[in-house]
Amino acid sequence: MAKILGGIATSHIPAIGVAMDKGLEQTPYWKSFFDAYPPVREWLYAQEADVAVIFYNDHGLEFFHDRKPTFAIGAAAQYENADEGWGIAEIPPVTGETELSWHIVNELVENEFDITVCQEMKVDHGLTVPLTLMWPGHKYGHIKVIPVAINCERHPMPKPSRCFDFGKAIGDAIRSYAGDQKVVVFGTGGLSHQLDGQRAGFINKPFDLYCMDKIVDEPEELTKLSNYDLVEKAGSQGVELNMWLAMRGALQGKLTELHRSYHLPISNTGAGLQLLVTTDAI
Ligand code: DHB
Ligand code: FE
């Protein structure tokens, strides 16, 4: 059966991609942020994972406000990126994993998650920046990726508890797949940030650290929050925490937290990185 080795949660701020393309990782602004990533990369490379299932939110490259699926999953052999206007370069395509995608799709519909299935799908910085953070130089072509986009741009958006349950259903689907794939799940986005409006620039460090504590052993505490609670406590884009909750929902059993870091600000955001490992990977 396919195994889930663990989960990686990371912010996906476009400026990170620009900094990497310009080779700015060791400059004073960026150094302590980027210095957090090598231990997570080392774990990932040592595990020789085959598949990355990535929970992210599409910021308008594929789904704009006129048609916004609540939950969308890719079932393509390849995913293209394109210019989103953040100053990040267009980068090489991402490799898909169609068989496991379709297995997950079938299991989800069977379990009453009526998702949108995308046989063509452009992937934005929410997916590509974390991939490039894990494989610098955009060297991610060998890893098979299943993109899972959750709406957190336009109301109404799924609640934290629903995102957690959605992640759980995807985790169950992966574990029921008759293959020997080693899967890592990603949750990208967050932590607190607000990009516009009266509270533009709002960051809530105590709340971010609380979320990183709770997500390890008590994620149910976070699922009690509403999206309005998240907007109030973490800023209007802080609802991206829902991606972290979907990732956490996919993990099962006792977890070991192998890495955590938090750095603020990166651009407008409290930037978090966390690696949670299942007993399958120890
Ligand atoms: C920023 C953060 C994001 O999550 C995003 O999608 C875009 C921009 C920022 O802090 O600049
Ligand atoms: Fe974002």
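The shell around ligand 1 in this predicted model divides by class into 7 polar, 5 nonpolar and 1 charged residues. Altogether 13 residues surround the ligand, and the closest are His59, His125, His193, Ser267 and Thr269. The site that holds ligand 1 is the largest pocket.

The side chain of Thr269 places a polar atom 2.6 Å from an oxygen atom of ligand 1. For His125, a polar side-chain atom is found 2.7 Å from an oxygen atom of the ligand. His59 also takes part: an N or O atom in its side chain is 2.7 Å from an oxygen atom of ligand 1. As for burial, ligand 1 taken alone exposes 290 Å², of which the protein buries 96%.

The iron ion, ligand 2, is coordinated by NE2 of His12, NE2 of His59 and an OE atom of Glu240, at 2.1 to 2.3 Å. Along the sequence, the donor residues follow the spacing H-x46-H-x180-E. His59 belongs to the loop between β2 (51–56) and β3 (71–74), while Glu240 belongs to the loop between α9 (227–234) and α10 (241–250), so the pair ties together parts that are 181 residues apart in sequence.

Most peptide bonds are trans, and most residues other than glycine have a negative phi.

Leu191 is part of the loop between β8 (182–188) and α7 (205–217). Pro265 is placed in strand β9, which covers residues 255–266.

Glu112 is found in the loop that runs between α4 (98–110) and β6 (116–118).

Definitions and conventions. Residues numbered from 1 in each chain as written. Chains lettered and ligands numbered in written order. Predicted model: local features only at pLDDT ≥ 70, side-chain atom pairs only at ≥ 80, totals over all residues. Heavy atoms only, no water. Near = heavy atom within 4 Å. Polar contact = N/O pair within 3.5 Å; in protein donor to acceptor, adjacent residues only side chain to side chain. Areas by Shrake-Rupley, 256 points an atom, 1.4 Å probe, with all protein chains shown as cover. 1 Å grid on protein atoms, 1.4 Å probe; cavity = no way out; pocket = protein on both sides within 12 Å on 5 of 7 lines; lining within 4 Å. Sits in = over half its atoms within 2 Å of the grid points. Nonpolar A, V, L, I, M, F, W, Y, C, P; charged D, E, K, R; others polar. Donors = N, O, S within 2.8 Å, 3.2 Å for Na, K, Ca; no water. Helix = DSSP H or I, 4+ residues; strand = E, 2+ residues; numbered from the N terminus.
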